[in-house]
Amino acid sequence: MIAGKDKITPGQLMFVIIQAQIGVNILFLPSSVESVASSDAWISVSLAGITTMILILAIWGLSRRFPGMILFDYLPLLLGKPIGTIVHLVFAASFIAECSLTSLLFVNAVRDWIFPNTPKSIVLILILAVSLYMARENLRAIARFFVLTFGLIFLMIFIATYAYKEADIMYILPINQAGIPSIIKGALFSMNSFFGYEMLFFCYPYVQGKSRTILKAVFYANTFSVLVYVYLVFTCLLVFTPEEIKIIPQPILYMVKALSFTIIERADLYFLTIWTVVVTSTIMAYLFMSARSVSSLFGMKNHAGTTPFVTLIVFCISLYPHNQDMVNRLKSIVGILGSVSFVTLPIVLLCISYLFKVQRKESAEG
Amino acid sequence: MGFFSRMFTNNRSKSKGTAKRSHIASEDRAVSAATKDNVEYVQQALYQTGDLENRPIVCSAGQGCLLYLDSVCDPDKIHEFILKPLFAAGEDDPMSVITSSDVQKHTDLERAIDLMLEGYSVLHFEGGRECYVVRVPSVNNRAVEEPMNEKAIQGAHNGFIESMNVNLQLIRKQIGSRNLVVRRYRLGKMTKSDASIVYLNDLADPKLVDEIDRKIKAIDADNLMNAYMILEYVENQSFSPFPQILQTERPDRTIGNLLEGRIAFLMEGTPTALIVPVSFFVFYQSPDDYNSRTLAGTFIRLLRLFSFFIAIMLPAYYIAVVSFHYEVIPKEVFYQIKGSVAKIPYPPILEALFMELAIELLREAGMRLPAPIGQSIGIVGGLVIGDAVVRVGLVSYPMIIVVALTAIASFVVPSHEMSYSVRLLRFPLMLSAAFLGFQGIVFSLMAILVHLCILESFGRPYFAPLAPMRLKDWKDSLMRLPFWMLNERPMESHSQKLIQESNRQKGGAKR
Amino acid sequence: MSRRFVCTLTVAVALAVCGCWDQQLLKNERTVSIGGMDEAPKGKLRATVSIRDTTITEAGSKDTSEIHTVVARSTQHARQKIDEEVSGIYSAAKLRVLLFGEELVRNHDIMPFLDVYYRDPKSPLSARIAVARGTAEELIRLKMVGDKTIGLYVDDLLKSMELDAAIPQVNIQTLHPLDRGFDFSLPLLAVKRGVPAVQGMALFNGIRLTETLNLDESRVYLLLTGLGKQNLRMTLQPMEKNKSSGYQYVTINVKKIRRSLKVIVADDQEIQVRLNLKLRVAVEEDPSNHLYKMSVMHNLERLLSEELTDNSKKIIRKMQKAGHDGCGVARRLMAFHPKLWKRIDWKKEYPQVRFDTRVSLEIVNTGITQ
């Protein structure tokens, strides 16, 4: 039912998940979590990462019961046609919203850091055009690209590591000064950084190998993302005092701005350039998911046709907000949509599947 | 939209249309018993062509006439293989007398005329209802010498020539296996050129062979001048900037690729072998790598790949830096660069375009001219113009350095095809750098990368082993590890047998 | 095929029509290499900059320096006013040194003047920062020293002194004075016989200058605050005052520093700091002693340790008096005694903190003679 040509390996799946997870929040996460959890932000982020593991387990369990099907094929089986369609709509909306928010945050960061006068639409057109070019292809080509650009994450980590010159361990002491409620709240705040694992809904039937291998691959992927995020948040906490992080929205860029090496200065410009690639791959993943969900909403098998329209919608949504207030509103909308469809729904669906014993009849594995 | 699609798709349909019109239908014509009739018919069929020779023969076998085309037959061979034995022999059957390797008896004169065009001579005896067609082609081959544009410092110094048979011979001589298969074609309705695909039966992917076979047979065109035209019909992505076919004039390179399970395409009149399917990195391999030590080979190969990045990125990077992000210049050299660009009246992108175009012109001019004049072009262009342009203050010193480095880097590529791609790709990158600085570069690069990830050469991923990532294949693509470590063939040609060496210690020569 | 082509075309057209809004051509920029701020009457700011230009000819390159002084309301205002009189586009992106006149930072907080540097994405956060005795203008007005422009000269001067470990490595980024839990100090420059020279350090209490140290003191200060590095050289006078001149000094080169700073809170009230410094040094100059005898060497070690301990105590007292917490005691209190920290008023508490300073020294090397 799925041609061997479209299959990906578990290794590729790992990189796909990592690239979908690590994205725009590399820059924003430290500051946004710190504002809630203060210098215990890194604990919050680790907690969020562990929660993600549970959600991944849920998605995996669900996909395993419906081999050869992606989420939207079995939604009607689980919930019936009308409710299934509504949930399908919610999912599609979340993907599109998440994609728009990512593009918006990216464009805003570019505006703040390098191009204050360039119209937002130009940068937006460019990043969406490149993403569109990729997202209309099949999963296999996307996986190739993601594997190829994966190395850049290490380059970013490498640049960020230079900031340890000015690190001071005492900035994060005493541990647990924010209190457990704040830490948990911070964890909720940082959940959206780990969004991207829902790519598993789409990938599962395309992966060669046993379902156990798939789970392992996704676990590794998530572990890697968690480590990267925790590392970066931790670094920021060590370099800046809590007061400072509050007023610096992109502390990592700020941290590397003053670095100067013999052959380059202003490492932040390079960092931003590399980060662009990482963000683009996230946008590609979300565009792919949005297009897949929209085209299966209309009963189309191939998503290449709907991708341009989805891209257009994303373009319009992310162009609309022009001040911080509106950005925050979009953020909270995405937060709600995300927590419904990426956090609550997988678990609810899994429960329904088990309670009502709905699963695909054929016992063929993967 | 419609205009573009027509512009791009009508290539094939056009050649189909004209093909129908010009097709000359030939009917059978039995050989007449009278020699005179036959001679007249042949003269008419060839429209009284001037190079048709008619030699009457009177010998013990009878009275007859030998017809041949002067331009494609060798008079010495006619004398040696036909006339001498005929006159010496008695009344035997000419079939048993003529000593040429290829003697046929034909009753159809049309068929005989077709063969005459290929270097056969036709012998007819008065009263006979058939004619003898003897192969006496004149062979006028260039010597097998080292190709001018693919020189190797060490290793084999022979190269393909315009004769397909000689080329096939060069390949056969090195691959003794009976698995080496040649499939022959006759292509082009007017040109009727010989072509063949060569592959190793046990290695090449049979599906791919069949596909290429099918596609070649489906070509319906009048003129097929050279091998590249044919593969352009066959290849799927004509508008990609990257070459998907490796052209080489070197037998050793061809053989090496055949042994990795690839398929070579040869054609009469073309001194190159075209190899498919190829990946990006094949273009960066040179036979020299295999004739030097592992470390040196690896170093040179990495240097070449690095040169790819310099060639496409350096001008773009420089433009981005001096027109958007001058902050990244380290303070030690900042004022040096600033001092040299301060008085230049034009924006850097114009400077760069001007210099790049000048270099491309020089290169093109130098290539067409004979060597002694070509050198003087280099001096005039490189030294005189380069120096004057800086003194006048139109172009800055750093720009000259950048452009020169870029030009040198694009020369490093061992394949001309790829060198063209690299030179082309530079321009969009430069423009995007001039529009959006680093962001422009990164978006363009990403577009190129996405393209490379999607691109397939005859159904095989083009950017392998980077996309899809297969670290095992790095051993002979990005690096060149010792031969005894290259136990497996690369995945991307989908060869049937992956293992090429079972015993690690046995040093099997690979290329 | 055609659709892809149309996409490419759209992008190309989008690019072509867009022009380049944020282009900043290097050839049009006038970059400041050193900037200085002084006090002006009525709470205004007197800013002086030196713009460095280089002309490159075949014979080589030649530097010129162009000085501008304006009186403005704020830093950004000063930039605007300078731009009004500078041909080309004024840019501070390649600033190498930022100077503050001593009077300005004694009488005003330093932060407001720096705000724009933290806000502007193009600002040079790695620029060095220093305090000028007298006015910064006077120093920048030197214009050229030898064939170096003043900006380059001061930058190189500070760099070499940093390498000598006589002053700490400070730039605009490391200064960021928000709740760090320690106070920063800046190098102090002065014009000496027409040449800029490093004079010592300027200690800040929070964001205001309160005390200055000379170079000898600042070296000890660096050791105490943990900013000291290898190759820090000190010429000391061990306490044998009876030696004739020429014989009384010893120069040591610090090879390794082990510093331990412990903040002890007794009875939840009394803050006590135990600062232990262990140095391994090489003797580079000692005309009076020959150190092949272990006893002589140990004696010298003891004398030097005593002298250094003495000096340290003096400097700590000076720091406390100036309200300058260079050791980061506050940060330790925040980290290890958060409850106490919230209760106390640190500005009042700090001068009362009891410091227990001890320096011990060990000679590991005496050059190629003993």
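A cavity here is a set of points, on a 1 Å grid over the protein atoms alone, where a 1.4 Å probe fits but cannot get out; lining residues have an atom within 4 Å of a point. The model is predicted, so local features need pLDDT of at least 70 and side-chain atom pairs 80 or more, while totals for chains, interfaces and linings use all residues. Residues are numbered from 1 along each chain as its sequence is written, chains are lettered from A in the order in which they are written, and side-chain values use heavy atoms, without hydrogens and water.

**Stop 1: the largest cavity.** Select Asp473(B), Asp476(B), Ser477(B), Arg489(B) and Pro490(B). Of the 20 lining residues, these lie nearest the centre of the largest cavity.

**Stop 2: a ring pair in chain B.** Select Phe280(B) and Tyr462(B). Their rings are paired edge-to-face, 6.4 Å centre to centre with 80° between the planes (rings of Phe, Tyr and Trp, its six-membered ring, pair with centres within 6.5 Å; planes over 60 degrees apart are edge-to-face). The two residues are 182 residues apart in the chain. Both are buried (under 20% relative accessible area, 1.4 Å probe, protein chains only).

**Stop 3: a ring cluster in chain A.** Select Phe72(A), Phe91(A), Phe95(A), Phe195(A), Tyr197(A), Phe201(A), Phe202(A) and Phe342(A). Ring pairs link them into a cluster.

**Stop 4: charges over rings.** Select Arg65(A) with Tyr354(A): the arginine lies over the ring face, 4.1 Å from the ring centre. The rule asks for NZ of Lys or CZ of Arg within 6 Å of the centre and within 35 degrees of the ring normal. Then take Arg79(C), whose charged end sits over the ring of Tyr117(C), 5.0 Å from its centre.

Terms used: On a 1 Å grid over the protein atoms alone, a cavity is a set of points where a 1.4 Å probe fits but cannot get out, and a pocket is an open set with protein on both sides within 12 Å along at least five of seven lines; lining residues have an atom within 4 Å of a point. Rings of Phe, Tyr and Trp (its six-membered ring) pair if their centres lie within 6.5 Å; planes under 30 degrees apart count as stacked, over 60 as edge-to-face and the rest as tilted. Helices (H or I, at least four residues) and strands (E, at least two) are DSSP runs, numbered from the N terminus. Buried means under 20% relative accessible area, exposed over 50%, partly exposed in between (1.4 Å probe, protein chains only).
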